[in-house]
Each structure stands twice: as structure tokens, then as C-alpha cells.
Amino acid sequence: MEFCATLPLSQLPYVYPSTLSSNKAYPFWSCKRRISSRPTRLHCSKMFVPGFGEASPEAKAAENLHNFFTFVAVKIVAAQLESYNHEAYEELMEFLSRHSLNDGDKFCATMFRESSRHKNLALRIMEVRSAYCKNDFEWDNMKRLAFKMVTESNTRLMTEYVLETSHVETEK
């Protein structure tokens, strides 16, 4: 069983301690085994992210993706209807103008109760949402793009900051 311990900053070693080999001050920081028969193992493989209540950041991201998939499904269904059932397309657009897509489940639940025609639209949106999530969304591509965006953004921001604070004259 693994657990994660949070230590106050006063108990952490300096960023570059002069005597890392001295494990008496910070015995938990050592890679050596403790002398006791059952050593306490502190192992944190993930960062603790405060401020998310009961949900993890991944759960919040999944919730946002869930709502995004509803948005995508509405766009797909609207495009399909526009080409072969203009009356249903107009009904969907009118409903969309009155109801927010911020909460995908609330949007579909409200659509279910609007009318029998809207119920069929809601069922179609839910079907497309599920199919898109399972079959068409490129999860690996999303992860690659997210990594790339974070890396490029961090590099750009750090470069801008260094240029601002270093007062280096750029050649013209």
C-alpha cells in the first residue's frame, strides 16, 4: 500500500544542500534504508493538486470533454439535418438558441422534455456523442497536442520574460 505524505517547507532540504550525505537532518530524503525493522516508505508518484474538492483534475477534464462531446454531436447532427431534413434542423437551431450547451446532460434532458420530435433529436445527439467519443475522437493526438502546446507555451513565456528582464538590445 502506497501513500503520499505532505511535508511542510521547513522540513524540506535546501534546493542545493551543501551536505547531502548527512542524512541525520533529513532521514526521509535518503535513498538508504533506515535501521528499523520496518522502514516507512514515503512515495509520491503524482502531484497533489489542491482546490478541486472531491474530484481530481482528470475528473474535471473528463467532465469538460463530456460536455464538449455533446457540443460536437450537436454540430454533427445539425450538419446532417441541414442537408436532408431542414425542418428538424430549424427546430434544433431554435432550441439551441434558447438553451445553453455548457452542460451537455442538462441540454439533452431539457430536449427530451420539449416534445416528441425533440426527444428524437436528443436521442440522436446522445447516440452521436457516444459514437464520436468511442470511435472518432483521437485521444493519442489530443495528448500529443496538449504536451506540445504546454512545451511551446512555456518556452515562449520564459523567452519573453528573459528578454524583458535582461534588457538585451535586439539587433535591428
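**Exercise 1. Is Met-93 buried, partly exposed or exposed, and why?**

Start by placing the residue: Met-93 sits in helix α2. This is a predicted model, so the numbers here are computed from predicted positions. Next, take the relative accessibility, which is 26% for Met-93. Buried means under 20% and exposed means over 50%, with partly exposed in between. Met-93 therefore counts as partly exposed, because its relative accessibility is 26%. While you're there, find Ala-78: the two C-alpha atoms are 7.8 Å apart, although Met-93 and Ala-78 are 15 residues apart in sequence.

**Exercise 2. Compare the span of α1 and of α5 with the expected value.**

Take α1 to begin with, covering residues 57-84. Its 28 residues reach 41 Å from first C-alpha to last, close to the 40 Å expected at 1.5 Å a residue. Then do α5: this helix has 28 residues and reaches 40 Å, close to the expected 40 Å. One more thing to spot is what follows α5, namely His-167, with a positive phi near 55°.

**Exercise 3. Describe the nonpolar cores.**

Here's a handy background idea: in soluble globular proteins, nonpolar side chains tend to be buried together. Turn to the largest nonpolar core, which has 17 residues. Val-77, Leu-81, Leu-92, Phe-107, Met-111 and Ile-125 have the most contacts inside it. Then ask who supplies this core: α1, α2, α3 and α4 each give two or more residues. The top giver is α1, with five residues. There is also a second, separate core of five residues, among them Leu-65, Val-72, Tyr-132 and Phe-137.

Now zoom in on Leu-92. Setting aside neighbours within four places in sequence, Leu-92 is in contact with Val-74, Val-77, Ala-78, Leu-81, Met-111, Leu-121 and Ile-125.

**Exercise 4. Which residues does Leu-96 touch, not counting residues up to four places away in sequence?**

Locate Leu-96 in helix α2. With nearby residues in sequence left out, Leu-96 touches Val-74, Leu-101 and Phe-107. For Phe-107, check the spacing: Leu-96 and Phe-107 are 11 residues apart along the chain, and their C-alpha atoms are separated by 8.8 Å.

**Exercise 5. Characterise the second largest pocket.**

Begin with its space: about 230 Å³. Then move to the lining, where 10 residues take part. Closest to the centre of this pocket are Met-47, Val-49, Ser-56, Pro-57 and Glu-58. Sort the lining by class to finish: six residues are nonpolar, two are polar and two are charged.

Methods
Residues are numbered from 1 along each chain as its sequence is written. This is a predicted model: local features need pLDDT of at least 70, side-chain atom pairs count only at pLDDT 80 or more; totals for chains, interfaces and linings use all residues. Side-chain values use heavy atoms; hydrogens and water are left out. On a 1 Å grid over the protein atoms alone, a cavity is a set of points where a 1.4 Å probe fits but cannot get out, and a pocket is an open set with protein on both sides within 12 Å along at least five of seven lines; lining residues have an atom within 4 Å of a point. Grid points are joined across faces, edges and corners, and a volume is the space filled by probe spheres set on the points. Ala, Val, Leu, Ile, Met, Phe, Trp, Tyr, Cys and Pro count as nonpolar, Asp, Glu, Lys and Arg as charged, and the others, Gly among them, as polar. Helices (H or I, at least four residues) and strands (E, at least two) are DSSP runs, numbered from the N terminus. The expected span of a helix is 1.5 Å times one less than its number of residues. A nonpolar core is a set of buried Ala, Val, Leu, Ile, Met, Phe, Trp, Tyr and Cys residues joined through side-chain atoms within 4.5 Å. Buried means under 20% relative accessible area, exposed over 50%, partly exposed in between (1.4 Å probe, protein chains only). Contact means heavy atoms within 4.5 Å.
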